[in-house]
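Biologist: Hi! Could you walk me through this model?

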Amino acid sequence: MSEPDLATPFRERAGQALDDRFLQEALTIATTKFITLRREAFDAFPQGEALRDQARAIKEATLQRLDHWLEMLIDNVERRGGHVHYATGADEARRIVLDIARRTGARMAVKSKSMATEEIHLNDALEAAGVTPVETDLGEYIIQLAHERPSHIIAPAIHKTKGQVAELFRRELNRDAAPDPEVLTQIARAELRQKFLQADLGITGANFGVAETGTVVLVTNEGNGRMVTSLPRVHVAVMGVEKVIPSMTDLAVFLAILARSATGQKLSVYTSLVNGPRRGGELEGPEEFHLVLLDNGRIRQIAGPLREALSCLRCGACLNVCPVYRQIGGHAYGYTYPGPIGILLTAMLNGPGSVKDLAHASSLCGACVDACPVRIDIPRMLIELRRELDEQRIAPWPERVVFGAFAWLLQRPALYRLSARLGRLLQRPLARNGRIRRLPLFFGSWTRTRDLPPIAARTFHERWAELEREARR
Ligand code: SF4
């Protein structure tokens, strides 16, 4: 499936995803595996539930004094010889990175997986400025070759089968390979090795920024993160401001639940603690270290309706369990961040108008809250978003009219009872064997993929009244 563009309505993008049998196969295999691994990891970790509460409490407490912890982080990064930049928006963040690239004469940048750099569309900006970006995480490398965007927060190429990756390597790298993950990984590894040595710039995100030590923490499963942060002359880390945490003790709490939630591992294979540039006497590490703190709408949400979303660890667990994501994958969402948390992050970054359709792409089943390591109540915020869309009149007018009329009716019991009686009469030609298979006119979209239960022969009030009558006899 090629990536849908935002000019295509969400409903169509979702429809294309549902019709794509390769995507369906890839999604089912990967998300089922992630769900099983996560469940097994927490079943074998009785302290997990208490640590989830503790992690959430740390996030909340940190948000309450975010300015204080950010100032401490900045002081400590600078004390260790690093440079800190603050970007209020994506434009500014791109400009900061490009300035660093120009000043240091960079021609090639190796990158480790980073949703923050995806968010600011850094690769396009680097290319336009004559700096070649090379993704070095295997999944990111695959989608860069395919000229696509990530379709999952931690598994960017989750939408591709191994057969599709083998075909991509044959086309783009001129390498014939069996659709075997090990063989494909070896090819990517050989292609990337030279790039690490040639690159002038290493660009990463940051899973955490530890205020008390000025440490940037990277959690990865491939050795690429270490090479990106140690081989090039200059290392730039782009970090959302909400990723700051107070201390190393807090870090231990997050590390205990992050990998378990993401991939079912006790710890990810690599946890890298970056403490500024290379110091005298050290054999490796960059000459310069830059930390770009990215706001891009986050600070505004500390007092906003999406505040809880600022606690997100980007583990991807809510995507794996979401019945909508599991069917349509990440590209159908159309923005950088997919899945249930992605809808909220998209609203945070681009305003509620950007999710007028996506806000409804959730069954509100609550599976995401159960899976989330910091128990973010995504359904509650989605309902808030829907309300806001309605109040701001962003939702499509037929939807506003129908729900407005329904709300009006619900406040008038006599009329409601009358309309129920009327409905029972009108539905007669449509109801068969206890279900309505097709509604007329534009209501037909409702029954295109599901049946509608008919209005009951007697309402609850009528049955209740009857029960009371019987009890009095
Ligand atoms: S909302 Fe929770 S489950 Fe979803 S990515 Fe963020 S931390 Fe993980």
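Modeller: Happy to. One term to begin with: two residues are in contact if their C-beta atoms, placed from the backbone, lie within 7 Å. Among contacts in the protein chain between residues at least 6 apart in sequence, 72% join residues at least 24 apart.

Biologist: What kind of model is this, and how are residues numbered?

Modeller: This is a predicted model, where local features need pLDDT of at least 70, side-chain atom pairs count only at pLDDT 80 or more, and totals for chains, interfaces and linings use all residues. Residues are numbered from 1 along each chain as its sequence is written.

Biologist: What does the C-alpha trace span along its principal axes?

Modeller: About 95 × 55 × 45 Å.

Biologist: Which residues make the contact between α15 and α17?

Modeller: Helix α15 covers residues 339-350 and helix α17 residues 378-391. From α15 come P340, I341, I343, L344 and A347, and from α17 come I378, M381, L382 and L385.

Biologist: And by class, what are they?

Modeller: Nine nonpolar, no polar and no charged residues. Nonpolar covers Ala, Val, Leu, Ile, Met, Phe, Trp, Tyr, Cys and Pro; charged covers Asp, Glu, Lys and Arg; the others, Gly among them, are polar.

Conventions:
Axes fitted to C-alpha atoms, helices over the stretch in contact; angles between N-to-C directions. Helix = DSSP H or I, 4+ residues; strand = E, 2+ residues; numbered from the N terminus.
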